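Subject: Handover of a structure and findings

Dear colleague,

Please find the structure below, followed by an account of what was found in it. I would be grateful if you could read the two together.

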Amino acid sequence: MDELTREFLIESQEGLDRMERCLTELEERPQDTALLAEIFRSVHTIKGTTGFLGFKRLEKLAHAGENLLGLLREGKLKATPPVITALLELLDALRSILKAIESDGGEGKGEDAALIAQLEKMRTPAQPVPKQPAQEEAPATQTTVIRSQAVRSRKQAPPAAKLAVVPARDAAEAKKKQTKPESAPQPAIAVPQISAPAVEEKMEAATVAPAMGEGEGHKARPLLSAAAESTLRVDVTLLNRMMNLVGELVLTRNQILQATASDPSMTQLSRRLDMVTADLRESVMKARMQPVSNIFSKMPRMVRDLCQALGRRVRLQMEGQETELDKSLLEAIKDPLTHAVRNSLDHGIEPPEARAAAGKDAEGTLKLRASHEGSHVVVEVQDDGAGIDVEKVRRKAIERGAVTAVRSAQLGERELLQLIFLPGLSTAAKVTNVSGRGVGMDVVRTNVERIGGKVEIDSKPGQGTTLRMRIPLTLAIIPALIVRSLDQSFALPQGSLSELVHIPPEQAQREIEWMEEAPLYRLRGRLLPLVFLGGLLKPGADCGLVKQRDNFIAVLDAEGRRFGLVVDGLADPEEIVVKPLSAVLKDIGIYSGATVLGNGELALILDPGSIAMRAGIAMSAKEETANAAEGVEQEQSSRIEYLLVEAAGRPAAVPLGDVLRIEQLPLGRIEYVGYRPVLNFEGQLLPIEDAGGVLGSPDSAAGSGERQIIVVVCRDGNRHVGITVSHVLDVAAGGDLFEAGTRQQAGGVTLLKNRVTGVVNLGGVPPLETASPAQTDWSQPVEAAG
Amino acid sequence: MKTAAGRSRGAQVATSLVELCAVRVDKTLYGVPITHILEIVGSSRPQPVPLAPAFVGGLVHYRGDVLTTVSLRQLLGIEPKNGAQDILVLESAAGGCFGLLVDSVGEVLTVSSADYEPNPSTLDERRRALYAGAYKLKEGLLVMLEPDRLDPTRLSASNVGIRE
């Protein structure tokens with residue numbers, strides 16, 4: 001395929017995408033002449049170029065469409081739904097031909113006569129006297145040559161008669177139309193009549209230009225868009241290659257940072273390298289970003305078609321179209337989004353009569369919303385339909401054997417809703433060709449989780465359903481925790497990691513319980529199935545806890561399965577660059593890739609979902625264990641979770657969302673600025689709040705430097721604060737009785753385990769600049785309230 | 001780098017000449033056509049992959065990619081060797097590449113097709129599937145290896161390399 005054809009394909013496809021968008025908008029605003037002009041331009045460009053490239057079938061079709069559009073543009077014809085439907089059909093036909101050209105260079109076989117006839121028929125309402133088709137097509141050669149000369153002299157067009165054929169015929173047609181306004185019903189046409197030739201001329205110059213090849217094309221192109229000047233089309237493979245190279249650079253940087261950590265003279269340089277690498281990475285990632293509108297823009301057409309097929313009336317609202325996402329991820333969420341929209345239209349939004357009967361606006365609303373949320377993009381599909389009938393889901397789930405009747409009775413509403421993601425579960429009464437086969441939601445979850453995202457569903461009966469997809473910004477570089485097993489490093493993606501449990505050597509025997517062959521761990525009172533990584537990777541090896549060594553349980557949540565992965569050791573979390581594995585190793589099933597660590601060692605990336613499956617952690621385990629972490633929240637969704645700590649014999653609560661980590665360290669590490677205790681924490685100075693007096697006086701600290709203390713590192717706005725505690729007791733949801741105002745100046749109180757507990761006021765910890773030691777205020781409100 | 005055998009017979013125009021890279025595994029001398037070799041990586045220690053098929057020698061970092069290696073020793077059921085091994089980076093038929101772990105890489109030999117003989121029928125089945133015949137050199141036999149037959153994807157599909 002030559003360069004010209006390729007360019008034509010890209011341009012035409014973009015034009016058709018634009019046309020599709022405009023057509024659906026046109027349905028809402030049939031009078032919008034700007035939209036009509038845009039559509040006309042798209043079709044006209046295709047027609048103009050095809051004539052030059054010799055795609056006859058495409059030209060004929062585009063021509064028929066253009067005739068119809070010309071009438072619309074001149075206001076002689078109204079953009080009624082049947083007309084728009086016909087134009088959409090034209091669009092599909094044009095697309096399929098373009099596709100054929102792309103694949104084999106030919107236009108493909110197909111008969112367009114029916115569609116052309118239909119388009120012709122559409123024109124009649126405005127034209128009581130049908131044009132003789134002969135005038136339209138056959139004599140073109142004779143007249144156009146003459147006309148083209150006329151046009152050429154006017155426009156100083158290139159002396160190639162063939163090139164000028166297209167504008168000439170258009171001009172001829174325009175003339176023809178202009179001579180007719182007497183017969184047109186609207187007298188208003190007189191106004192455009194004056195300006196029309198000028199506009200037409202300009203437009204033709206602009207739109208035909210690309211077809212004229214190199215020399216002439218450039219002259220006219222600036223008319224098309226000024227934006228084109230500052231942008232550049234880049235091959236995706238080149239971007240992928242750049243991303244790989246940047247990945248390499250990140251790895252090299254990691255290694256250099258580790259190697260130079262001890263050399264002060266290199267610190268400056270490696271810092272600089274670190275910064276430049278980070279910037280470069282961000283820029284390359286940005287280059288791969290595409291606005292969500294690329295897939296959102298496909299939705300109006302789909303919604304329109306589905307509405308017609310299903311007899312719904314739906315208003316589509318889209319927000320945050322400018323939100324950007326990595327190209328490959330955007331591709332990956334296309335299917336889930338389509339499924340979600342189909343579901344909303346088919347099962348969510350009711351037919352107009354039903355809506356009216358329920359006292360709702362007969363026209364339903366479907367909202368697509370995209371927004372940034374930290375390092376994720378959240379895409380929401382929200383409808384104001386009937387919502388999901390939880391009872392129906394329950395019945396279906398029992399019917400399908402996904403959950404037992406007894407078990408289902410214990411499930412909360414939100415938990416039941418999540419069952420809808422199980423394969424084969426559909427609440428639709430009958431299977432339509434749109435949805436109801438029970439694969440949709442399953443596909444949504446599988447696809448989104450495959451790219452490291454998460455799906456949630458929320459529904460209120462009678463008010464609607466919201467499906468929320470959380471998508472990571474990029475796939476290539478992910479944060480991971482490096483774990484060790486079999487004297488080898490493995491990377492565990494942070495996305496599925498929910499917490500880490502440390503089991504000291506002396507407790508190993510006691511903490512892990514066995515039910516026959518199944519190892520279990522009591523995580524805050526609930527049994528967590530365990531998988532020994534060593535045993536999994538080396539079947540037959542003596543698994544189990546090693547008594548002489550620390551053991552760690554990584555609590556993982558993957559595809560609805562929750563389990564603990566027992567590893568021999570933990571290394572630092574690292575940003576890893578995902579390298580694909582060869583097919584042979586991918587087939588093993590438990591590795592999703594490999595990476596090079598900061599120390600140059602290779603590490604395999606574990607796939608938590610596959611590990612769970614391989615270890616036989618059942619999907620149904622979700623219902624039994626998922627609520628260990630979420631259960632409390634699910635029952636009382638309005639509540640905030642707190643970390644329950646004890647300081648100097650008094651309980652206190654820290655909002656769990658603010659807790660970054662819990663550190664156990666020797667007292668000797670606490671240093672003093674004046675009377676103010678501080679901690680040198682990962683190279684940063686952390687103000688320590690010693691409200692409970694765990695530290696003792698500064699003077700006594702010197703003698704007992706070996707004593708272990710616990711510091712809860714919390715986030716307070718932009719800064720971090722450490723809080724000393726005697727014990728960390730539990731995680732619990734606060735009662736909403738006193739929930740309000742936890743961030744208020746005085747610090748709040750909450751009801752934890754039926755006890756009124758003071759909430760640590762992180763904002764009350766004075767910044768380091770103030771030299772005076774902080775006054776404790778966390779326990780006072782308790783006394784006041786209790 | 002021609003050997004005596006290569007020079008004496010290579011002079012004849014009628015027989016075609018093949019350039020092979022000689023590699024040694026255990027006591028046997030093997031030859032890999034140099035046209036298929038992308039690079040030779042000296043003394044490296046591949047990262048083992050638990051649960052991988054037996055013939056997989058592990059992973060190595062090669063030019064920004066993670067390369068799967070096939071261990072000739074493990075493929076042939078010879079005891080694994082401790083310490084670093086050399087890797088031939090070979091082009092596979094599928095367009096990707098893989099590494100071949102060998103004990104040591106020797107010189108490039110030019111051999112003549114006149115010295116070629118197909119696999120003897122007495123060879124065990126696994127080796128018959130892996131070897132592509134032998135060249136009779138003055139110093140002894142050189143077993144011909146065809147990279148396509150050693151492609152990990154093919155090995156796992158044909159179960160040739162699965163040692164039980």
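A residue is termed buried if 20 or more other C-beta atoms lie within 10 Å of its own, exposed if 12 or fewer do, and partly exposed in between, with C-beta atoms placed from the backbone. By this definition Leu51(B), with 16 C-beta neighbours inside 10 Å, counts as partly exposed. This is a predicted model, in which local features need pLDDT of at least 70 and side-chain atom pairs count only at pLDDT 80 or more, while totals for chains, interfaces and linings use all residues. Residues are numbered from 1 along each chain as its sequence is written, and chains are lettered from A and ligands numbered from 1 in the order in which they are written.

Two leucines with positive phi

Leu51(B) has a phi near 75 degrees, a positive value in a residue other than glycine. Its place is the loop between strand S3 (37-44) and strand S4 (56-62) of chain B; helices (H or I, at least four residues) and strands (E, at least two) are DSSP runs, numbered from the N terminus. In chain A, Leu486(A) likewise is a non-glycine residue with a positive phi, near 55 degrees. Leu486(A) lies in the loop between strand S8 (477-485) and strand S9 (488-493) of chain A, and is partly exposed because it has 16 C-beta neighbours inside 10 Å.

Chain B

Chain B contains 5 helices and 11 strands. Of its 164 residues, 37% are buried. Two residues are in contact if their C-beta atoms, placed from the backbone, lie within 7 Å. Among the contacts in chain B between residues at least 6 apart in sequence, 58% join residues at least 24 apart.

Helix H18 of chain A

In helix H18 (residues 390-399) of chain A, the buried residues are Val390(A), Val393(A), Lys396(A) and Ala397(A). They lie on the same side of H18(A) because they cover an arc of only 125 degrees around the axis, the arc being that of the directions from the helix axis to the C-beta atoms. Glu391(A) and Glu399(A), on the other side of H18(A), are exposed.

Yours sincerely
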